[in-house]
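Here's a quick briefing to read alongside the model. Have the sequence and the 3D view open as you go.

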Amino acid sequence: EHGEVDGEFDLRIKGVLDNGSEVHEVIFNREMTEEFADITLAEAKERAMDALDTTVVADDITEDVLGKYYRVSGPELGRYVLVDEYERLGARTDSEDVLITARSL
């Protein structure tokens with residue numbers, strides 16, 4: 001038991017990029033996350049407090065970024081790439097459409 005603890009809000013993305021042959025774990029710091037997800041830490045805190053749940057912010061970011069193609073660069077620190085630059089490469093594909101197409105082959 002640590003007693004009552006005051007948490008500190010932060011806004012970061014920790015994700016996995018898989019190109020089919022290699023997997024890289026990536027971390028976007030706060031500034032990169034704000035740019036990438038188009039939300040500031042203050043806005044994220046406000047949304048979380050309004051909903052009384054911090055997962056609403058994560059759900060929104062996940063919905064926006066999952067299933068898209070990216071190119072990232074930055075220094076490697078152990079198994080992580082600390083993202084300094086990113087580029088969105090392609091349009092999001094609907095996973096249900098991809099499954100229907102794959103099943104029809």
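The side chain of Thr-33 makes a polar contact with the backbone nitrogen of Ile-13, at 3.2 Å. (A polar contact is a pair of N or O atoms within 3.5 Å; within protein, one must be able to donate a hydrogen and the other to accept it, and residues adjacent in sequence count only if both atoms are side-chain atoms.) This is a predicted model, where local features need pLDDT of at least 70 and side-chain atom pairs count only at pLDDT 80 or more, while totals for chains, interfaces and linings use all residues. Residues are numbered from 1 along each chain as its sequence is written, and side-chain values use heavy atoms, with hydrogens and water left out.

**Around Thr-33**
- A polar atom of the Thr-33 side chain also sits 2.8 Å from the backbone oxygen of Asn-29.
- Thr-33 counts as buried because its relative accessibility is 0% (buried means under 20% relative accessible area, with a 1.4 Å probe and protein chains only).
- Setting aside neighbours within four places in sequence, Thr-33 touches Leu-11, Arg-12, Ile-13, Phe-28 and Asp-38 (contact means heavy atoms within 4.5 Å).
- You'll find Thr-33 in helix 1, residues 30-37 (helices are DSSP runs of H or I, at least four residues; strands are runs of E, at least two; both are numbered from the N terminus).

**The whole protein**
- There are four helices and six strands, running β-β-α-α-α-β-β-β-β-α from the N terminus.
- Of the 105 residues, 21% are buried.
- The C-alpha trace spans about 55 × 35 × 30 Å along its principal axes.

Key: Buried < 20%, exposed > 50% of the residue type's maximum accessible area, 1.4 Å probe, protein only.
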